[in-house]
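Opening the notebook on this one.

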Amino acid sequence: MKRAALRLALALGACLAATAAFAHPHVWVSVRSQIAFTPDGKIASLAHDWVFDEMYSSFATQGLAKPGQLVTRDIFAPLAQENAGGLAQIGYFTTLKINGKSVDFGPVTDYWMEERPDHLVTFHVVLPLKTPVAPGRYFSLLVADPEYFIDFEFDDKDPIALVSAPSGCTASIAKPKPLEGEDPKTLSESFFTGLAPGMNFGFKMASRVIVACP
Amino acid sequence: MTRPSLIRRLGFGLASALFALMAAAPALAQFVRRPFEVGGGEGGGGASGGLTGWLLAEQSQLTHVMVAQVKALHGDPAALWGLVGLGFAYGVFHAAGPGHGKAVIASYMMANDRALKRGVVLAFLAAMLQGLAAVALVGGAALIFNATAAQMNRAADLMALASYLGIIAIGAWLAWTKGRALVAALGALRRRRAAIAGGTLYEGAPWRAAPTSNGATAFRAHAPGEEAIDPADCGHAHAVDAAALGAGFSWRGAAATVVAAGSRPCSGAILMLVFAFAQGLFAAGVAATFAMSLGTAVTTGALAWAAVFAKALAMRFAAGEDTRVALAARGVEFVAALLVLAFGLALLMGAQAGA
């Protein structure tokens, strides 16, 4: 009986703890990214094109244009500025790692938002690296919201483009590790690190782009 | 004994902290906004994470299906039933969100009451008010003023701020009254121990009676509030009774809790309503929103029930010595009161930090 009470108390505690720690996506974004290189083969900048889901798109366009008209970049300018301005403080939703080290981005150089003919909203932003970095043998790009309010997914058709990359560099998408098919030890490990309430859950749910260079 | 003055000092500290917070309110109204955020800072509970990947996947799926269902309404009015059903399911899952007042209601019930019906009614009212807040916000802003996303966000910020400050105020008030009751119960236990130790049965026992000439009795004389435990109240109770479990429930306090927990519209409802409005189907969005509220009420009600049940169970195990029961009850209530306060502060800090 006492054990039952303890179990109940634990369950209740877990519920309350989970309440504070639980976030789930409200906004969905399809990501296309361009990685641009300098003439001497270093990574210079990233350009993101983020296409938002129907719900967020109707929220963002609400009240901005006359019925039947699309919201132009001009009309969207204040909202684009607000969103682009807030990017630095949350790490640009972007992690670029070379040899396991995250590179720093400088202030955004170009950004706009517009409503496409299919009424979905696109956000475009350019993130220059603070200093261009050599790509090494390979590097990885992660686009994710650590709080998982926004669910970023790389676009199915056209997720990544390399602009003036050194010849031989290729990009591929790595989906988040599924839990099935791993050995029991890793399974329990990833259960605790991946699914237990904790920080950076969004990172664990995100796909990665891996670029390999010769 | 310094207990009465300690209590007074504690109360003064709480009151002045609250006052400082209220004074700072205008400056707080501008929340730090994360890019592409919707509404009053949802997800601003501080930490982030997930209960299970399955739950997250389920919710994402539900949202996408709901969007499809709204669009299906154009040709098929019967799709409304599906939409309402999906909204209900979404609410059940979604109530785990930090701003849903679930924890606040549960903690409030733990601090105050054992009546399950009241807990469920409070949960229901808070959820409905939250739905109403979203409908009022989007209905007023989009329908009447043709407001933009930025303007709706600012309005939602204000509603969220009011909600957080309300939760903090309720938590502080609860902590104050329950803290006093806890100190009184401690005093009662000490007096009882002293009386027993003073008796012949325990003569020569290694522990001696604490001096009782001042302290608890003096405290009672200074704090005649209805929360103070008179030994006559619980001294003869053999079973756990309502007085020992739920002293001081008031509908006024309950109403304040409902308003504080429910006055912040949730992002999911705002998005659904604006989307339905853009599709020319605002009424369907309203129906879906209240279905979500009903689902939220189910989860919140379940937790309120669990809170009351857990407390009753704890009381049963503490049973045996009535003063100890009272002490355990006051202890649980005080911790629950602190939880309400902590939730309010965490929500406010989360919104301020933009975390």
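Predicted model: local features only at pLDDT ≥ 70, side-chain atom pairs only at ≥ 80, totals over all residues.

How close do the axes of H6(B) and H11(B) come, and at what angle do they cross?

Entry 1, the crossing. I looked up the two axes: they come within 8 Å and cross at roughly 40°. H11(B) covers residues 251–262 of chain B. Angles under 35 degrees would count as roughly parallel, so I put H6(B) down as oblique to H11(B). The handedness of this crossing is right-handed.

Entry 2, who touches whom. From H6(B), I listed Leu122(B), Leu125(B), Ala126(B), Ala127(B), Leu129(B), Gln130(B) and Ala133(B). On the H11(B) side they meet Ala254(B), Thr257(B), Val258(B), Val259(B), Ala261(B) and Gly262(B). Sorting the residues of this contact, I get 10 nonpolar, 3 polar and no charged. A reminder to myself: an α-helix has 3.6 residues a turn, so residues three or four places apart point the same way.

After H6(B) comes Asn146(B), with a positive phi near 50°.

I find 14 helices and 0 strands in chain B. Of its 355 residues, 50% count as buried. I also checked contacts between residues at least 6 apart in sequence: 84% of them join residues at least 24 apart.

Methods: Residues numbered from 1 in each chain as written. Chains lettered and ligands numbered in written order. Helix = DSSP H or I, 4+ residues; strand = E, 2+ residues; numbered from the N terminus. Buried ≥ 20, exposed ≤ 12 C-beta atoms within 10 Å, placed from the backbone. Contact = placed C-beta atoms within 7 Å. Axes fitted to C-alpha atoms, helices over the stretch in contact; angles between N-to-C directions. Parallel < 35°, antiparallel > 145°, perpendicular 65-115°, else oblique. Left-handed = near helix turned anticlockwise from the far one by under 90°. Nonpolar A, V, L, I, M, F, W, Y, C, P; charged D, E, K, R; others polar.
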